[in-house]
Amino acid sequence: ERKKKKKKMIETTKKEGEKEEEGEWNVGERVIELLSHCKILMNQNNETKKTKATWIHSVYDQFKNKTRQCAEKREEIIEYLESIINLHKENYYKRLAKICLSFIYSECLPTNSGRSEKVLVQEGQRNCARLLNEVVNERETKEEEEKNEFKENGFIYFLRGRAEEDINKAFEYYQEAAKRAKNFCCTFNNMAMIYEIFYRNLEKALHYYSKSIKLDPLYYIMYRNRGTVYATLNEYKKALLDHTTAIKLKPDEALSYQRRAEVYTKLKKIDLALADHEKALKIEPNNFRVYIQRAKFYIKINNFNKAKRDMDTAIQKFPYEPGLYELRADILSHRDNKNKNLDEAEEDYSEAINKCEQENAGTYHRIRGYFYFYIKMDIEKALADYNSAIHIDPTYHHGYYSRSLVYEALGQFERALDDLMKAVKLDAKEPMIFFQMGCLLSDRFELYNEAIQCFEHVNYLEPNYRGLMFRIKLTQQFIRKRVCFGNL
């Protein structure tokens, strides 16, 4: 009887899968399914001490996968959920609908929109944040406030962290989520990512990745993320072990193969690296990021023709992605490329600016400015691009940093220092800004003690910063000479 039941379950799941592939499933049924799944997920907040972490994570993962399957009928499902929010009498179900809708916005990007993925993700994040803030901050009566399970819910804090653009606020939300939902591994995984990418604290990142793996040892993403940190720390054996574990747990995930390929490239195992890139491309032939990663691999081994061929293919498939034009321009202007073509590269950099959204145009102006300054040696055009980058986004610290280099080349040292001071106010955790400021103070203003302070701050932010020790020794020699001549 048990075998018969298992067979029936397998047959029904297969039929459901076939229906989903053919697009036969009913929108209303899917929305009800999402709401009930969301209810189960939210109720786990009070059960995290009793329930196994692996089960809690599997509920969350299933909910996320269900929302991703809604991509084809995204607009219909959004309308359905909005009608529940507007028409339903009970606030509880309105809030559930808002949580489901926030997931649709974050997990289901609109297809064939003709806009870059980066912009669509940003829009989804903003809509997601707006809905979750409404769930938490809605006015209610005392009776409803007592019944409201969402204000102090750990998963709500986790979701708000995912949707928050301000990294420090996002980290605060994750900390609150970790207090309220202690067995939820994704919270610790996301905290580790912030430590790794934004705070540059790799030890803390490793600690939280390991903690999340202990909670759910079958979740492949955390092994992949920890493997990336090990690779950054040059611990390649541990990195390979983690990436291979991630691939064993989920063999149809392209990014895991790409990350392992990067480690193989560093170990100069070119054949194994290429094999992993090929597997990634077979798994996701319609993902432009796969082409980008393989093109970058070809650049590392100086095979620029194949790198350009990958970018040509990707641009034909995704003509609206500005990052593809930028990378092809990088290939065409690379110093080691024997077939470099600076005119075509300039056209591609300009095309990237035209294709991107206005709010991201500053980044691409800075990239083209770099091309003009370092490769074409056209200081006027470089300065014009850096000015445009700052005009588009006055809070863009990279724009001020880059413009300071042009001002230094033009002999306008006070302007260069002023730009570096502005960059420091915008981002006090960027070591290259302090390094450049130290060099400028030492070389152009002969303020050696102030330069040493800048270099010491670089050492605090990133101890292995390239050229730092040489600069500190050189500046200390200048100080000694000044003391000697002063005594004479």
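**Entry 1: the model**

I am working from a predicted model. I keep that in mind for every value below.

**Entry 2: the core**

I looked up the largest nonpolar core. It has 140 residues. Which of them touch the most other members? Met-42 and Met-311 do.

I left aside its neighbours within four places in sequence. Met-311 is then in contact with Tyr-291, Ile-292, Ala-295, Leu-324, Leu-327, Arg-328 and Ile-331. Arg-328 is a charged residue in that list.

**Entry 3: aromatic pairs**

How many aromatic pairs are there? I get 24. I picked out Tyr-60 and Phe-184. Their ring centres are 5.1 Å apart and their planes stand at 85°, so I log the pair as edge-to-face. The cut-off for that label is over 60 degrees. This pair links distant parts of the chain, 124 residues apart. Tyr-60 is in helix H3 (53-68). Phe-184 is in the loop between helix H9 (167-180) and helix H10 (185-197).

Buried or exposed, these two? Tyr-60 is buried, with a relative accessible area of 2%. Phe-184 counts as buried as well, at 1%.

Next I took Phe-435 and Tyr-465. Their ring centres are 5.1 Å apart, with planes at 45°, so this pair is tilted. It also links distant parts of the chain, 30 residues apart. Phe-435 sits in helix H24 (431-443). Tyr-465 lies in the loop between helix H25 (448-461) and helix H26 (468-487). Phe-435 has 14% relative accessibility and counts as buried, because the limit is under 20%.

I also checked for a cluster. Tyr-60, Phe-63, Phe-103, Phe-155, Phe-158, Tyr-174 and Phe-184 form one. The edge-to-face pair of Tyr-60 and Phe-184 therefore belongs to this cluster.

**Entry 4: the cavity**

I searched the whole structure for cavities of 30 Å³ or more and found one. The volume of the largest cavity is about 30 Å³. What lines it? I list Ala-129, Leu-132, Asn-133, Arg-160, Ala-163, Glu-164 and Tyr-173. By class, the lining has four nonpolar residues, one polar and two charged. Helix H6 (117-137) and helix H8 (154-163) each supply at least two of the lining residues. H6 gives the most, with three.

**Entry 5: the second largest pocket**

I moved on to the second largest pocket. About 540 Å³ of space lies in it. Its lining has 14 residues. Which lie nearest the centre? They are Asp-330, Ser-333, Tyr-349, Tyr-370 and Ile-375. I count eight nonpolar, two polar and four charged residues in the lining. Helix H18 (322-332) and helix H20 (361-375) each supply at least two. The largest share, six residues, comes from H20.

**Entry 6: Arg-260**

Last, I looked up Arg-260, which lies in helix H14 (254-266). At 10% relative accessibility, Arg-260 counts as buried. I again left aside neighbours within four places in sequence. Arg-260 is then in contact with Leu-240, His-243, Thr-244, Ile-247, Asp-276 and Lys-279.

Methods. Residues numbered from 1 in each chain as written. Predicted model: local features only at pLDDT ≥ 70, side-chain atom pairs only at ≥ 80, totals over all residues. Heavy atoms only, no water. 1 Å grid on protein atoms, 1.4 Å probe; cavity = no way out; pocket = protein on both sides within 12 Å on 5 of 7 lines; lining within 4 Å. Points joined across faces, edges and corners; volume = space filled by probe spheres on them. Helix = DSSP H or I, 4+ residues; strand = E, 2+ residues; numbered from the N terminus. Buried < 20%, exposed > 50% of the residue type's maximum accessible area, 1.4 Å probe, protein only. Contact = heavy atoms within 4.5 Å. Core = buried A, V, L, I, M, F, W, Y, C linked by side-chain atoms within 4.5 Å. Phe/Tyr/Trp six-rings, centres within 6.5 Å; stacked < 30°, edge-to-face > 60°.
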